[in-house]
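Here is a short briefing to read with the model open beside you.

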Amino acid sequence: GATPNSLAEGNNAVLLVELDGSAASSANGLTITAGQSTVKGLVINRFAADGIAISTLGGNTIAGNYVGTDAMGTVPRGNRGMGNRVYGGAGSNWIGTNGDGVADYGERNIVSANQIAVYIYGNGADNNVVAGNYIGTGATGRSPLGNSSFGVLVNFGPQFTRIGTNGDGVVSVRAADTVTFTYSDAKSAQGAPQQLIRTVDIAGG
């Protein structure tokens, strides 16, 4: 059966449910507007739009997914839009580990080979967290798969976004995002004040 990742570095998850958008025309893999939803243990790839789009209501959890790769997390099968898009006033979403010490490694997402791995934008999309993920890498955390534009982009109004650690000054594998650099910035907060960005790159740049 399916099992979550248990490795501090790397990823040994076995994911059995794959949403393959190669035959879809202009759809997202998942569109979430209801809030308080959990997306866990899915492989989401090759959609013409976004892998996961979150808007309107927040409080959603995105954990333990492969977004933009194959089911092994090694072959790039990107979505043409964003891996994860958060907009439309959706706040307090958690993408990755919550850092509570319970199955944190299993909450790691791999988000690679998309246009932008995580795009958070617009007024009201506040207090979102992106932590403990592999962004632009394969399952090992060291093999570069990239994202064609940005790893993480925050702009046009969101506040209090946290990318990486919890701000205690300790960068750990559990709490930090691993980001490979593409032709553009791996992380950026443009016109978006009061963001905390503490991201570790162990995959190269």
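## Charges, rings and loops

Arginine 108 lies over the face of tyrosine 134, at 4.4 Å from the ring centre. A charge sits over a ring if NZ of Lys or CZ of Arg is within 6 Å of the ring centre and within 35 degrees of the ring normal. This is a predicted model, in which local features need pLDDT of at least 70 and side-chain atom pairs count only at pLDDT 80 or more, while totals for chains, interfaces and linings use all residues. Residues are numbered from 1 along each chain as its sequence is written, and side-chain values use heavy atoms, with hydrogens and water left out.

**Aromatic rings**

- The structure holds two aromatic pairs; rings of Phe, Tyr and Trp (its six-membered ring) pair if their centres lie within 6.5 Å, and planes under 30 degrees apart count as stacked, over 60 as edge-to-face and the rest as tilted.
- A pair of aromatic rings is described by the distance of the centres and the angle of the planes.
- One of the pairs joins tyrosine 87 and tyrosine 121, which are stacked with 5.5 Å centre to centre and 10° between the planes.
- Tyrosine 87 lies in the loop between β8 (82-86) and β9 (94-96) and tyrosine 121 in strand β11 (residues 116-121), so this pair ties together parts that are 34 residues apart in sequence. Strands (E, at least two residues) and helices (H or I, at least four) are DSSP runs, numbered from the N terminus.
- Tyr87, Tyr119 and Tyr121 form one aromatic cluster.
- Tyrosine 87 counts as partly exposed because its relative accessibility is 25%; buried means under 20% relative accessible area, exposed over 50%, and partly exposed in between (1.4 Å probe, protein chains only).
- Tyrosine 87 also has a charge over its ring: the charged end of arginine 85 sits there, 5.9 Å from the ring centre.

**Salt bridges**

- Side chains of opposite charge can pair when their charged atoms come close.
- A salt bridge is a side-chain nitrogen of Lys or Arg within 4 Å of a carboxyl oxygen of Asp or Glu, and by this rule the count comes to four.
- Glutamate 9 and arginine 142 form another salt bridge, their closest N and O atoms being 2.6 Å apart.
- Here glutamate 9 is in the segment before β1 and arginine 142 in the loop between β13 and β14, 133 residues apart.
- Glutamate 9 is partly exposed at 37% relative accessibility, and arginine 142 is partly exposed with a relative accessible area of 47%.
- Aspartate 20 pairs with arginine 46 in a salt bridge, with the closest N and O atoms 2.8 Å apart.
- Aspartate 20 lies in strand β1 and arginine 46 in the loop between β4 (42-45) and β5, so the bridge ties together parts that are 26 residues apart in sequence.
- Aspartate 20 is partly exposed at 35% relative accessibility, and arginine 46 is partly exposed at 32%.

**A buried asparagine**

- Where is asparagine 147 found? Its place is the loop between β13 (134-135) and β14 (150-155).
- With a relative accessible area of 4%, asparagine 147 is buried.
- The side chain of asparagine 147 reaches the backbone nitrogen of alanine 113 at 3.2 Å and the backbone nitrogen of asparagine 114 at 3.0 Å.

**Positive phi angles**

- Threonine 56 has a phi near 75°, a positive value in a residue other than glycine.
- Threonine 56 lies in the loop between β5 (52-54) and β6 (61-63) and is partly exposed at 46% relative accessibility.
- Asparagine 127 has a positive phi of about 60° although it is not a glycine.
- Asparagine 127 sits in the loop between β11 and β12 (129-131) and counts as partly exposed at 41% relative accessibility.

Technical notes. A polar contact is a pair of N or O atoms within 3.5 Å; within protein, one must be able to donate a hydrogen and the other to accept it, and residues adjacent in sequence count only if both atoms are side-chain atoms.
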